[in-house]
Amino acid sequence: MTEPEKADAVVIGGGIIGCMTARYLDNAGRKVTLVERDGVAAGASAGNAGILAFPEIVPIPSPGITWKAPGWLLDPLGPLTIRPGHAPRLVPWFWHFWRASFKKNFERGLSVQTELMHLAISEYERVRQDQALAPFVVNTGTLDIYDSADSFDAAVPDWTRKRKAGFNFHRVGRKEIDELQPGLAPQFEHAIYSESGLQISDPAGFTRAIAELLRMDGMTIKPATAVALEPTEAGARIRFEDGTSLEASTVVVACGAWSKKLAESLGEAVPLDTERGYNTTLPRSAFGIERQLYFNDHSFVVTPLKNGIRVGGAVEFGGLDLPANFKRSEMLLKLASRFLPGLSTEGGEQWMGFRPSMPDCLPVIDRSKAAPNVIYAFGHGHLGLTQSAATGRLVTELAQQKAPSISLENLRFDRFS
Ligand SMILES: Cc1cc2nc3c(=O)[nH]c(=O)nc-3n(C[C@H](O)[C@H](O)[C@H](O)COP(=O)(O)OP(=O)(O)OC[C@H]3O[C@@H](n4cnc5c(N)ncnc54)[C@H](O)[C@@H]3O)c2cc1C
């Protein structure tokens with residue numbers, strides 16, 4: 001039998017969570033190997049909207065949400081769909097989602113998310129000190145747009161929570177909306193403007209740049225598919241699809257929506273599912289876009305990127321294997337052209353990605369019980385780009401046996417059991 005290869009710290013998954021974690025481990029002096037089956041930034045981290053959504057502290061499972069969902073499901077242009085056939089598999093996930101919406105659980109989720117976001121802000125400040133990465137972080141400001149005075153009023157409690165958590169923004173009417181983003185349809189008279197709104201100008205390029213800087217610093221990128229994990233005396237063993245294996249002192253599971261199987265191989269069940277999201281990236285000339293536009297009543301965004309304008313969002317529950325239904329992208333584009341009448345919808349590139357989603361919309365950042373040198377870092381749902389640097393820091397603190405910067409109690413993998 002051939003001896004397994006040996007490594008120090010192995011990160012499985014080359015999305016933004018894996019790459020950012022590799023960066024923090026490397027900064028802590030670890031010799032990192034990144035294992036990725038499809039190339040760096042092959043998953044959700046390539047096509048996301050690029051928003052550093054620090055103020056998004058209010059958990060989606062909130063009191064009253066379950067009454068709104070049926071209306072969304074019935075609307076063909078609505079923000080939520082469930083692919084027939086996948087529904088039965090979702091029962092446990094929605095059960096936990098429903099429980100997460102209870103007032104007490106919602107309040108806890110809000111406070112955990114707030115703490116995580118404040119760490120995310122300070123860690124991104126550090127990322128911006130890296131001259132090679134700083135140009136990716138741009139301040140365009142965020143305009144949160146509402147269809148009517150009623151829907152704006154309904155959102156006021158959430159904005160009050162954000163203000164209380166230290167985020168700054170102000171309400172704008174039609175005149176200021178026009179100045180901030182000329183060309184919006186006339187019905188939009190109510191919005192919130194967050195002047196400090198940041199975004200990543202090229203999410204795939206950013207993720208690849210992190211990996212490339214690490215590679216130049218000595219990180220190995222191993223193209224392989226991990227299929228199972230086992231504890232060993234000195235760490236953990238990773239088994240690969242081709243029959244080979246690798247032993248490491250520390251293993252980080254950062255496989256996004258695909259992380260569940262690796263946890264299961266250690267006998268650890270996590271209610272991770274995927275919220276599939278769709279978008280279309282149009283040429284930059286499609287519209288004179290000034291900043292991130294979030295159409296709150298329709299749960300989709302239009303963002304200016306370095307090489308295009310991305311129109312995307314929506315949530316589709318359909319698992320990891322069903323083919324994409326690009327009618328979802330077309331519907332979002334149809335809505336966008338109604339809201340931005342001058343938008344040219346020609347020449348776009350459609351994309352679908354798998355958000356790794358936990359029912360309470362909080363990630364898992366935790367040590368495996370079965371193999372304590374395996375650290376889980378997945379389940380960031382809608383906020384993985386935003387929370388990537390904070391995750392890198394927290395995982396590295398776990399790996400280095402240091403006290404974590406924030407409590408990880410509510411980010412345990414077994415919090416639903
Ligand atoms: C439409 C859409 C818009 C979004 N917009 C935003 C936004 O504006 N702001 C924000 O913060 N977040 C946003 N998100 C969410 C964000 O993109 C995700 O939370 C984040 O990309 C998750 O990163 P990840 O590294 O965990 O997963 P991924 O990027 O999916 O990476 C996982 C990687 O692991 C690899 N992998 C999987 N299994 C294995 C295996 N067994 N062996 C080896 N490699 C493996 C995959 O190939 C993949 O490269 C959006 C998501 C979508 C879908």
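Guide: Let's start with the contacts. A polar backbone atom of Ala49 sits 3.1 Å from a nitrogen atom of the ligand, and one of Leu385 is 3.1 Å from an oxygen atom of the ligand. Taken alone, the ligand exposes 1000 Å², and the protein buries 97% of that (Shrake-Rupley areas, 1.4 Å probe).

A word on the ground rules: this is a predicted model, where local features need pLDDT of at least 70 and side-chain atom pairs count only at pLDDT 80 or more, while totals for chains, interfaces and linings use all residues. Numbering runs from 1 along each chain as its sequence is written, and side-chain values use heavy atoms, with hydrogens and water left out.

Now the shell itself. There are 35 residues around the ligand, and Glu36, Ser45, Ile51, Gly381 and Thr386 come nearest (near means a heavy atom within 4 Å). Helix 1 (16-27), helix 2 (44-47), strand 18 (349-357) and helix 11 (384-399) each give two or more residues to that shell; strand 18 gives the most, with 4 residues. Helices here are DSSP runs of H or I, at least four residues, and strands are E runs of at least two, numbered from the N terminus.

By type, the shell divides into 16 nonpolar, 15 polar and 4 charged residues. Ala, Val, Leu, Ile, Met, Phe, Trp, Tyr, Cys and Pro count as nonpolar, Asp, Glu, Lys and Arg as charged, and the others, Gly among them, as polar.

Technical notes
Polar contact = N/O pair within 3.5 Å; in protein donor to acceptor, adjacent residues only side chain to side chain.
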